[in-house]
Amino acid sequence: MAIPKFLTGSEELSVSGPKIITSFQIGGVTINFTETIVLEWLVMAVILFTAWFLTRNMKVKGISKRQVLAEWAVEALTNLVRDTMGKRWLKFTPYIATVFSFSIFGSLLSLTGLRAVTSDFSVLVSWAFITFVLITATKIRFGGVGGYLKGFLDPVPVMLPLNILSEVATPTALALRHFGNIAGGGVIMALIYYGLTGASHALGLDIPILTVGIPAVFSLYFDLFSDFMQAFIFCMLTMVFISNAGPAEDET
């Protein structure tokens with residue numbers, strides 16, 4: 001009896017970007033509607049549902065376990081922002097919470113067989129760009145436009161090219177660090193599945209038994225630990241860069 005195709009494992013390894021669902025023209029520019037856009041909306045729906053589920057029917061007394069979890073999450077994120085940035089920057093807590101949750105849920109999509117949102121470089125670039133705008137706005141807020149522009153000439157005017165490069169490197173490094181780790185983990189997991197499939201066939205097994213269970217061990221790191229760690233690092237760097245763009249609290 002012939003074995004179904006889906007039970008024989010992958011016969012070839014292919015690593016590609018997000019699939020293009022459709023394309024359209026705007027002013028002569030081609031806009032691609034990719035699977036990442038659909039998955040981003042899915043992630044947003046999951047986050048909104050989770051927030052609604054945890055916070056509905058909140059009470060002062062006799063609180064539910066859901067409310068305890070919601071209050072713990074809010075308190076933990078608030079304390080993280082306060083300890084990292086200072087009390088003056090607590091207004092950034094919603095932004096940090098949004099980036100952190102979106103990164104976590106977006107990366108954990110890979111556990112369902114879908115493509116991780118964070119494995120699309122354009123997603124990380126957009127997050128890094130928002131952070132860059134916040135950093136620039138903070139510098140202008142405390143130093144004014146003149147002070148911001150003057151900063152490119154410090155400590156000496158000859159440093160202008162390097163200071164400009166450093167300014168551009170900040171969002172680029174943020175995006176590349178997160179993207180590289182998530183996308184790299186996805187490639188490694190694909191190689192592990194492909195390698196175990198080949199090993200199973202080399203042992204004369206029509207069904208790749210070796211792919212059952214073994215990849216889950218590696219997935220604990222590449223799909224769980226790494227996802228949480230990269231989200232945490234991205235948020236920590238975001239907080240540090242923004243807070244460093246303004247004077248210390250005892251200087252104001």
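A crossing is left-handed if the near helix is turned anticlockwise from the far one by less than a right angle, and right-handed if clockwise. The model is predicted, so local features need pLDDT of at least 70 and side-chain atom pairs count only at pLDDT 80 or more, while totals for chains, interfaces and linings use all residues. Residues are numbered from 1 along each chain as its sequence is written, and side-chain values use heavy atoms, with hydrogens and water left out.

**Exercise 1. Describe how α6 packs on α4 and on α5.**

Step 1. Helix α6 (residues 214–244) packs on α4 at about 20°, with the axes 9 Å apart. That makes α4 roughly parallel to α6.

Step 2. The crossing of α4 and α6 is right-handed. On the α6 side the contact residues are Phe234, Thr238, Phe241 and Ile242; those of α4 include Leu124, Ala128 and Ile135. This contact has 8 nonpolar, 3 polar and no charged residues.

Step 3. The axes of α5 and α6 come within 10 Å and cross at roughly 180°. α5 and α6 are therefore roughly antiparallel. Their contact has 16 nonpolar, 8 polar and 3 charged residues.

**Exercise 2. State which residues threonine 170 touches beyond its neighbours within four places in sequence.**

Step 1. Threonine 170 lies in helix α5 (residues 160–202).

Step 2. With those neighbours left aside, threonine 170 is in contact with Ile135 and Phe241.

Step 3. Its C-alpha atom is 9.7 Å from that of leucine 237, which is 67 residues away along the chain.

**Exercise 3. Characterise the largest cavity and the second largest pocket.**

Step 1. On a 1 Å grid over the protein atoms alone, a cavity is a set of points where a 1.4 Å probe fits but cannot get out; a pocket is an open set with protein on both sides within 12 Å along at least five of seven lines; lining residues have an atom within 4 Å of a point. Points are joined across faces, edges and corners, and a volume is the space filled by probe spheres set on them.

Step 2. The whole structure has 1 cavity of 30 Å³ or more. The largest cavity holds about 40 Å³. Its lining is Leu174, Arg177, His178, Gln230, Ile233, Phe234 and Leu237, with the largest share, 4 residues, from α6.

Step 3. The second largest pocket has a volume of about 720 Å³. Among its 24 lining residues, Ala73, Leu77, Ala97, Phe100 and Ser101 are the closest to its centre. α2 gives the largest share of this lining, 9 residues. The lining of the second largest pocket divides into 18 nonpolar, 6 polar and no charged residues.

Key. Axes are lines fitted to C-alpha atoms, for helices over the stretch in contact, and angles run from 0 to 180 degrees between N-to-C directions. Helices (H or I, at least four residues) and strands (E, at least two) are DSSP runs, numbered from the N terminus. Angles under 35 degrees count as roughly parallel, over 145 as roughly antiparallel, 65 to 115 as roughly perpendicular and the rest as oblique. Contact means heavy atoms within 4.5 Å. Ala, Val, Leu, Ile, Met, Phe, Trp, Tyr, Cys and Pro count as nonpolar, Asp, Glu, Lys and Arg as charged, and the others, Gly among them, as polar.
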